[in-house]
Amino acid sequence: MFKCLSAEALGVSCGQSELIELALSYGFKGIELDLVDFVEQVKSQGLPKARRLLDSAKLKIASFHLPLDIEADDDVFRTQIQRLPDWATAAAEMKCTRALVRIAPASDFRPFHQNFELHRSRLTEIARLVEPSGIRLGLGFQAASEVRQGKAFEFIRGLDALLMLLSVLNARNVGVVLDLWDLYASGGSLDAIRKLSADKIVAVQLADAANDAAADGWPATSRVLPGETGLIDAAGALAMLAELGYDGPVIPLPHVSRLAGMRRDAIVKLAGEKLDQVWKAAGLNPAGKLATSAARR
């Protein structure tokens, strides 16, 4: 496992060079790729120049968010998906082989069975299109209460339902984005991690929960930095993931409102420190492996 910095996750606005500097300064070993921006740089500057800073930093380019709307109308979706092979090729050039997708937990237009079939069909197609570039597709669910509020039809909002969707996809390169806060908010626990194998976990996202999260119905604003309250056992999760042999990115993902008013470097510094604390509490070494003494416990 390795610590990964996502500018989007922390609400940090910066260019590629600033992001690299922040990651190197505060102990992150990887960063998320802004794929759309990178592809535009390649078009305007050429690949060697676009990747020069990324190569020199020697950071892992961990993942990118797939710039597609899975639930779009057919015409819009067809237009979007035409660019997918080029996006996948550009990501693969940077050895960035993890594409992340968050599934909406509710819909105003499709009941569960129709929405399930739409996702089965489209995600299978997406997975097949990116597979030649060696890209793995990671699917995440959303359990925050307000995301599905006022919608006519509920959809996937827990790990079991997500795994059911994965089981019917006709694709080998699809797995889970394990978001620890969403797991707890959906009523799950660390035991659910044992349902997964390392090859089925594409990325891990960490957040703790504010003390009043459950009483308030688990709103997204109750996401705080990992280890902040201890309501969610981030250290225990990391130890379990290390035992499974997971070797991918670990991304701190609080709600951006929790960091409001802070300077950019202070935000990244604090996120790095909190992640480092749970890392050490899990008994992990800098390479994300269980230290010998921790492995014997």
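**Figure 1. Surface and overall form of the predicted model.** Accessible areas come from the Shrake-Rupley method with a 1.4 Å probe. On that basis the protein exposes about 13400 Å², of which carbon and sulfur atoms supply 49%. Of the 297 residues, 52% are buried. The secondary structure comprises 13 helices and 12 strands. The radius of gyration is 19 Å, close to the 19 Å that the globule rule gives for 297 residues, so the protein is as compact as a globular protein of that length.

**Figure 2. The salt bridge between E125 and R78.** The closest N and O atoms of this pair are 2.8 Å apart. E125 belongs to helix α8 (residues 112–130) and R78 to helix α6 (residues 74–81), so the bridge ties together parts that are 47 residues apart in sequence. E125 is partly exposed, at 25% relative accessible area, and R78 is also partly exposed, at 37%.

**Figure 3. The salt bridge between E131 and R172.** Here the N to O distance is 3.0 Å. E131 lies in the loop between α8 and β6, and R172 in the loop between α9 and β8, so the pair joins parts that are 41 residues apart in sequence. E131 is partly exposed, with a relative accessible area of 30%, whereas R172 is exposed, with 71%.

**Figure 4. The salt bridge between D182 and R223.** The N to O distance in this pair is 3.7 Å. D182 is in helix α10 (residues 180–185) and R223 in strand β11 (residues 223–224), so parts that are 41 residues apart in sequence are tied together. Both residues are buried. D182 and R223 also belong to a network of salt bridges that includes R102 and D179.

Key
Residues are numbered from 1 along each chain as its sequence is written. This is a predicted model: local features need pLDDT of at least 70, side-chain atom pairs count only at pLDDT 80 or more; totals for chains, interfaces and linings use all residues. Side-chain values use heavy atoms; hydrogens and water are left out. Helices (H or I, at least four residues) and strands (E, at least two) are DSSP runs, numbered from the N terminus. The radius of gyration is taken over C-alpha atoms; the globule rule is 2.2 Å times the number of residues to the power 0.38. Buried means under 20% relative accessible area, exposed over 50%, partly exposed in between (1.4 Å probe, protein chains only). A salt bridge is a side-chain nitrogen of Lys or Arg within 4 Å of a carboxyl oxygen of Asp or Glu.
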